[in-house]
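Reader: I am new to this structure and would like to learn how to read it. Could you walk me through it?

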Amino acid sequence: MLLPRESVSNEKPDLRAIPWCPELRFLASTRVFVPLADLLKLQEFFARGGRERPLVPIKERSLDIFGDEKRLDQLARSSALFGDGRLTPDTLRCFIAPEPLPWMAGPETSGPLLVVENAATWHSYCRWNAERKLFSAVVYGCGNRFMDSATYLADIFKSFGGPRRVLYFGDLDPQGLLIPQEASTRAQAAGLSAVDPHLWSYRQLLMVGNGRGQPWEGEPPSSTQCNWLGECAEPVQQLFAARQRLPQEHVGWEFLQVQTGSE
């Protein structure tokens with residue numbers, strides 16, 4: 001004997017029929033493509049006094065609302081829930097906490113900060129700075145993390161009693177140029193210093209890496225993006241036009257320890 005199958009409804013819920021709290025009323029006229037279960041958890045958050053909660057990091061609030069510390073980040077990045085007239089981190093009483101940036105103070109604390117993209121080069125520049133006393137600190141940008149964590153520079157400035165000029169040295173490839181420029185935009189939006197290139201380091205990289213470029217596939221960045229490098233922009237454009245890149249590790253400890261210049 002065959003048993004009847006349980007029927008499954010494919011009907012989508014009518015969000016217009018739900019009495020949303022003020023913060024979520026936009027759902028009645030906006031398609032957000034977010035599971036109803038998630039929307040109801042947000043509704044519940046406000047119903048249990050969410051508006052009066054203290055500000056906490058976004059992952060803590062996500063765990064509180066969804067039982068999943070990553071869910072709110074996912075929704076903020078890839079759904080239509082957030083934006084003008086919709087939800088904001090502040091509405092949910094949370095903020096995006098930037099990951100801290102490792103850094104090593106130098107023996108001379110009045111100089112600029114230097115942010116270095118990759119770990120190996122960061123170690124070498126820390127050793128060099130201990131001898132040369134060029135930078136108040138050498139900061140490990142940790143690749144792409146620096147874009148999201150640039151505002152953490154404010155905490156480093158506090159350790160020195162005030163802001164410093166921020167210089168950057170990274171790989172000569174499209175992403176290596178995007179990282180400091182995006183970080184600079186976010187830092188300035190937060191009232192911090194712009195991020196400028198450490199031109200001495202880029203000049204050395206172009207010199208040491210001459211004829212030693214690595215093959216690179218992809219569209220070259222615009223000349224506008226290269227212009228951030230000032231006097232180094234033209235040779236870098238030529239490097240990219242030849243579909244080549246230069247990793248910053250060319251300027252390593254064995255090279256640095258015999259250098260006398262820095263500007």
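Author: We will go through a pair of helices, then a sheet and its strands. This is a predicted model, where local features need pLDDT of at least 70, side-chain atom pairs count only at pLDDT 80 or more, and totals for chains, interfaces and linings use all residues. Residues are numbered from 1 along each chain as its sequence is written, and side-chain values use heavy atoms, with hydrogens and water left out.

Reader: At what angle do helix 2 and helix 3 pack?

Author: Two packed helices are described by the angle between their axes and the distance between the axes. Here helix 2 (residues 58-66) and helix 3 (residues 71-78) pack at about 105 degrees, with axes 7 Å apart. That makes helix 2 roughly perpendicular to helix 3 (a word for angles of 65 to 115 degrees). Axes are lines fitted to C-alpha atoms, for helices over the stretch in contact, and angles run from 0 to 180 degrees between N-to-C directions. Helices (H or I, at least four residues) and strands (E, at least two) are DSSP runs, numbered from the N terminus.

Reader: Which residues of helix 2 meet helix 3?

Author: Ile 58, Lys 59, Arg 61, Ser 62 and Phe 66 of helix 2 meet Arg 71, Leu 72, Asp 73 and Leu 75 of helix 3; contact means heavy atoms within 4.5 Å.

Reader: Now the sheet: what is the order of its five strands?

Author: The order is 3-5-4-6-7, in an open sheet with mixed pairing. Two strands pair if DSSP finds at least two bridges between them. Strand 3 (103-105) and strand 7 (195-197) stand at the edges with a single partner strand each, so one side of each has no neighbour in the sheet.

Reader: How many bridges join strand 4 to strand 6?

Author: Four, and these strands run parallel. Val 116 has Phe 169 in strand 6 as its bridge partner. Strand 6 (residues 166-169) also pairs with strand 7 in the parallel sense, over three bridges. There, Val 166 stands opposite Val 195, and Tyr 168 has Pro 197 as its bridge partner.

Reader: Are the residues on the two faces of strand 6 buried or exposed?

Author: In a regular strand the side chains alternate between the two faces of the sheet. In strand 6, Val 166 and Tyr 168 on one side and Leu 167 and Phe 169 on the other are all buried (under 20% relative accessible area, with a 1.4 Å probe and protein chains only).

Notes. Parallel < 35°, antiparallel > 145°, perpendicular 65-115°, else oblique. Buried < 20%, exposed > 50% of the residue type's maximum accessible area, 1.4 Å probe, protein only.
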